[in-house]
Amino acid sequence: MTTTTATPLTPAEKTGARTDEAAALIGDARERIDALDDRIIGLIQERVAVSAVIQEARISSGGRRVNLAREMEVLGHYRDALGKPGTALAMTMLELCRGRI
Ligand SMILES: O=C(O)C(=O)C[C@]1(C(=O)O)C=C[C@@H](O)C=C1
């Protein structure tokens, strides 16, 4: 068996920057992005849980899991804030919250 020892990447290699200054800025900004992504994922998980409470209440009262009129409102909210990609994002989020339909 051969063992290879990986040489650590330089900051420039890691970030694609061409100067140390730009590499440092990108490294810091990526840390902020990772922290934001953790918060966004936490919020999505919270949304999934709240959505499950609604769906369970509706289903145990004899209703259906899905409420398309409400989904249209949610899609519109995201589209108004973020444009067309917002609609795609909301569709993915609704799929996470209620499964595929
Ligand atoms: O608001 C509701 O009635 C929900 O069930 C929540 C939710 C959502 O996650 O936003 C999920 C499923 C429905 O089809 C509509 C919306």
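The axes of H2 and H4 come within 8 Å and cross at roughly 55°. Axes here are lines fitted to C-alpha atoms, for helices over the stretch in contact, and angles run from 0 to 180 degrees between N-to-C directions. Helices are DSSP runs (H or I, at least four residues), numbered from the N terminus. H2 and H4 are therefore oblique to each other. Oblique is what remains after roughly parallel (under 35 degrees), roughly antiparallel (over 145) and roughly perpendicular (65 to 115).

This is a predicted model: local features need pLDDT of at least 70, side-chain atom pairs count only at pLDDT 80 or more, and totals for chains, interfaces and linings use all residues. Residue numbers start from 1 along each chain, as its sequence is written.

Which residues in H2 meet H4? They are Ile44, Arg47, Val48, Ser51 and Gln55. Their partners in H4 are Met93, Leu96, Cys97 and Arg98. Contact means C-beta atoms, placed from the backbone, within 7 Å.

Next pair. H3 is residues 68–82, and H4 is residues 84–98. They pack at an angle of about 140°, with axes 7 Å apart. H3 and H4 are therefore oblique too. Among the H3 residues meeting H4 are Glu71, Val74 and Leu75. On the H4 side, Leu94 is one of the residues.

Now the ligand. Around the ligand sit Ser51, Ile54, Gln55, Val66, Asn67, Arg70, Glu71, Val74, Leu94, Cys97 and Arg98. Near means a C-beta atom, placed from the backbone, within 6 Å. H2 (20–60), H3 and H4 each supply at least two residues of this shell. Ser51 and Gln55 are on the ligand list, and both also meet H4 from H2.

Methods. Contact = placed C-beta atoms within 7 Å.
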